Amino acid sequence: MTIRVLIADDQDMVRIGFRMILENEDDMEVVADVRDGISAVSKARELRPDVCLMDIRMPGLDGLEVTRQLCGPGVTDPIKVVVVTTFDLDEYVHTALANGASGFLLKDAGPALLVEAVRAAERGDALISPQITVRMLEHFNKPSVSVADKPHEALTERELDVVRAVARGLTNTEIGAELFLSLSTVKTHLASVQSKLGARNRVEIASWAWRSGLMT
């Protein structure tokens, strides 16, 4: 299966570079590249790519607003977005993930991480640049549980163990090794957690863990 990707960035060299990296992969195809936010929304809705790579600072609409329009709360048929930017400000990370982004990368993350972020988003997972993962999650919000933050159904102790591991940035394989669980069991627990929390991906699971005080 070919992963169809749209690139949105106002710098020509960035778009060209990303295109070269992705099209070097046998399972990826760049269906469009655009230089402004308005075109990004229009082309994404027209072409329905599997994943959009989205810069933040662009003419017209910034990447955070584009992300909200494509996959934010209330969007009935969301398109997956990975934000790729030079700026790792906490407020940008917070807003991007709150607006539904499936990942957040810095432009200096390197080709391998860029490719992995696309694949992660396509399969419904999420990837954040390692250097900002823990810092971002720790400061995503001060621990506070509102009615909206409470799970629909109480999480089991094992599910809470998995949530803590996700919040620390561990992959499914690493979680399995740490908790002595098979990969399929980890995935089963994550699916149950997502259902109970109403979370769309592991980033939302992780942010809930920090917001709820589970990691303090």
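In which helix is Glu 159 found?

Glu 159 is found in helix α7, and the model in which it sits is a predicted one. With a relative accessibility of 5%, Glu 159 counts as buried, because buried here means under 20% relative accessible area. When its neighbours within four places in sequence are left aside, the residues in contact with Glu 159 are Ala 154, His 189, Ser 192, Val 193 and Lys 196.

Thr 188, by comparison, has its place in helix α9, which covers residues 183-197. Thr 188 counts as exposed, at 54% relative accessibility, whereas Glu 159 is buried. The two residues, Thr 188 and Glu 159, are separated by 29 residues in sequence, while their C-alpha atoms are 9.6 Å apart in space.

## The chain as a whole

The secondary structure of the chain amounts to ten helices and six strands. The chain has 216 residues, and 48% of them count as buried. Among the contacts in the chain with a separation of 6 or more, 65% are accounted for by residues 24 or more positions apart.

## Helices α7 and α10

Two packed helices are described by the angle between their axes and the distance between the axes. For helix α7 (residues 157-167) and helix α10 (residues 202-211), the angle is about 100° and the axes are 8 Å apart. That angle makes α7 roughly perpendicular to α10, since angles from 65 to 115 degrees are counted in this way. On the α7 side the contact is made by Val 163, Val 166 and Ala 167, and on the α10 side by Arg 202, Ile 205, Ala 206, Trp 208, Ala 209 and Trp 210. Sorted by class, the contact of α7 with α10 has eight nonpolar residues, no polar ones and one charged residue.

Helix α10 is largely enclosed by the rest of the structure, because ten of its ten residues are buried. The buried residues in α10 include the charged residues Arg 202, Glu 204 and Arg 211, together with Val 203, Ile 205, Ala 206, Ser 207, Trp 208, Ala 209 and Trp 210. Just after α10, Gly 213 takes a positive phi of about 90°.

## Helices α2 and α3

The crossing of α2 and α3 is right-handed.

In this contact, Gly 37, Ala 40, Val 41, Ala 44 and Arg 45 of α2 meet Val 66, Gln 69 and Leu 70 of α3. The residues of the contact of α2 with α3 divide into five nonpolar, two polar and one charged.

## The cysteines

The structure holds zero disulfides. Cys 52 is in no disulfide, and the nearest cysteine sulfur to its own, which belongs to Cys 71, is 8.3 Å away. Cys 71 is likewise in no disulfide, its nearest cysteine sulfur being that of Cys 52 at 8.3 Å.

Asp 33 is found in strand β2, which covers residues 28-34. At 29% relative accessibility, Asp 33 counts as partly exposed. Leaving aside its neighbours within four places in sequence, Asp 33 is in contact with Ile 7, Arg 15 and Arg 19. Asp 33 and Lys 43 are ten residues apart in sequence, and the distance between them in space is 8.9 Å, C-alpha to C-alpha.

Asp 55, in turn, is found in the loop between β3 (51-54) and α3. Asp 55 is buried, with a relative accessible area of 5%, whereas Asp 33 is partly exposed. Neighbours within four places in sequence aside, Asp 55 is in contact with Ala 8, Asp 9, Asp 10, Gly 63, Val 84, Thr 85 and Lys 107.

Terms used:
Residues are numbered from 1 along each chain as its sequence is written. This is a predicted model: local features need pLDDT of at least 70, side-chain atom pairs count only at pLDDT 80 or more; totals for chains, interfaces and linings use all residues. Side-chain values use heavy atoms; hydrogens and water are left out. A crossing is left-handed if the near helix is turned anticlockwise from the far one by less than a right angle, and right-handed if clockwise. Helices (H or I, at least four residues) and strands (E, at least two) are DSSP runs, numbered from the N terminus. Contact means heavy atoms within 4.5 Å. A disulfide is a pair of cysteine sulfur atoms within 2.5 Å. Axes are lines fitted to C-alpha atoms, for helices over the stretch in contact, and angles run from 0 to 180 degrees between N-to-C directions. Angles under 35 degrees count as roughly parallel, over 145 as roughly antiparallel, 65 to 115 as roughly perpendicular and the rest as oblique. Buried means under 20% relative accessible area, exposed over 50%, partly exposed in between (1.4 Å probe, protein chains only).
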